[in-house]
Amino acid sequence: MFKKLLRKLNEEPIRVSGEYQLELTTELSKNVQLIQSIIGESSDVVQKDIKIAQKIKATLFYIDGLCNKELFNEDVIKPLTTSTINENVWLDKKDILSYLNENYISPPVSIFETIDEAILPLMSGDTLLLIDGSMKLIIISTQGFEHRGIEEPQSEVVIRGPRDGFVETIKTNMILIRRRFSDPNLVLQVGELGRRSKKKFCIAYLKGVANEDLIEEVRYRIACVDTDIVLETGILEQLIEDNTLSPFPQLSESERPDRVCAAIANGQIAIIVDGTPFVLMAPTTFQQLFKTPEDYYSRWHIGSLIRSLRYLAAFIALFLP
């Protein structure tokens with residue numbers, strides 16, 4: 001049985017995300033079939049047929065669980081089906097984006113011309129709108145899913161200091177960093193990781209403080225990552241570090257926004273990956289491994305004394321036996 005399955009998998013190569021080069025037409029039914037041929041086998045993909053202003057046929061696709069149902073029903077379905085419409089706007093296919101934004105849909109709207117461009121937002125929780133007679137793919141921002149609230153990190157509990165910690169949502173983590181910096185030189189750059197997963201990541205650094213060569217090196221190493229999926233920063237860390245056989249950490253991680261912000265202020269680069277509360281800081285040094293968040297909130301002589309005791313304890317633990 002397993003031999004037959006392996007033989008079948010070898011004979012039928014799996015299509016990789018990002019290789020859909022299907023041509024759109026002005027017929028709604030054919031465009032719907034193209035979308036169904038890509039994602040039609042998934043049970044959580046919902047297809048809803050409507051008539052815009054009771055006149056123009058349209059089809060909506062969204063992912064159940066990733067789409068905000070209340071936003072979808074109140075700000076997408078209801079305005080499209082109950083409002084009146086000027087048919088010339090759709091017949092001429094001119095200025096559809098501004099017409100939707102001004103007269104119908106309140107969430108942000110984007111228009112794409114290829115399925116390859118529109119399929120990723122759909123898989124991320126947005127709604128795809130297909131209109132009869134149009135070759136445009138309209139993406140409506142309707143993302144909204146359950147996520148963990150901001151809580152105190154369990155891995156880095158402190159007596160004195162902030163009680164908030166990173167969560168699994170990249171936007172929330174970016175906000176936690178941004179709210180601690182009023183400096184316009186703070187740069188947050190978002191990209192994608194993984195050929196299949198298209199996992200969002202963000203690098204954060206302070207322009208004018210972080211070394212330009214270090215910034216380019218981090219960008220280059222992340223750009224060279226060639227893998228199907230990146231589930232957690234631990235995987236990314238192994239793919240971009242200098243020596244994978246070294247027992248010493250070459251990047252450090254933290255769940256605490258205050259610690260990450262302190263590292264950014266010192267010239268390090270933070271790497272945030274969507275789906276994990278652990279943020280990488282690159283590069284790390286020997287001294288930083290002996291620091292704790294509470295060191296920043298203690299008086300300098302007390303903090304220095306405690307840090308010296310850590311060095312002494314590490315020396316005794318390594319050499320005295």
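**Figure 1. Nonpolar surface patch of the predicted model.** L305, L309, L312, F315, I316, L318, F319 and L320 form a nonpolar patch on the surface, with about 900 Å² of accessible area together. Patches consist of residues with over 30% relative accessible area and no salt bridge, where nonpolar side chains (Val, Leu, Ile, Met, Phe, Trp, Tyr) are joined within 5 Å and like charges within 9 Å. Accessible areas come from the Shrake-Rupley method with a 1.4 Å probe, and for residues only the protein chains shown count as cover. I316 belongs to helix 11 (residues 300–319); helices (H or I, at least four residues) and strands (E, at least two) are DSSP runs numbered from the N terminus. With a relative accessible area of 39%, I316 is partly exposed (buried means under 20%, exposed over 50%, partly exposed in between). The model is predicted: local features need pLDDT of at least 70, side-chain atom pairs count only at pLDDT 80 or more, and totals for chains, interfaces and linings use all residues. Residues are numbered from 1 along each chain as its sequence is written, and side-chain values use heavy atoms, with hydrogens and water left out.

**Figure 2. Salt bridge between K136 and E113.** The side chains of K136 and E113 meet at 2.8 Å, N to O; a salt bridge is a side-chain nitrogen of Lys or Arg within 4 Å of a carboxyl oxygen of Asp or Glu. K136 lies in the loop between strand 4 (127–131) and strand 5 (137–140), and E113 in the loop between strand 3 (109–112) and helix 6 (115–123), so the pair ties together parts that are 23 residues apart in sequence. K136 is partly exposed, at 29% relative accessible area, whereas E113 is exposed, at 55%.

**Figure 3. Salt bridge between D164 and R180.** The closest N and O atoms of D164 and R180 are 2.9 Å apart. This pair links distant parts of the chain, with D164 in the loop between strand 5 and helix 7 (170–178) and R180 in the loop between helix 7 and strand 6 (186–193). D164 is buried, with a relative accessible area of 12%, while R180 is partly exposed at 29%.

**Figure 4. The largest cavity.** The cavity has a volume of about 120 Å³. A cavity is a set of points on a 1 Å grid over the protein atoms alone where a 1.4 Å probe fits but cannot get out; lining residues have an atom within 4 Å of a point. Its lining includes S252, R259, M281 and Y296.

Notes
1 Å grid on protein atoms, 1.4 Å probe; cavity = no way out; pocket = protein on both sides within 12 Å on 5 of 7 lines; lining within 4 Å. Points joined across faces, edges and corners; volume = space filled by probe spheres on them. Buried < 20%, exposed > 50% of the residue type's maximum accessible area, 1.4 Å probe, protein only.
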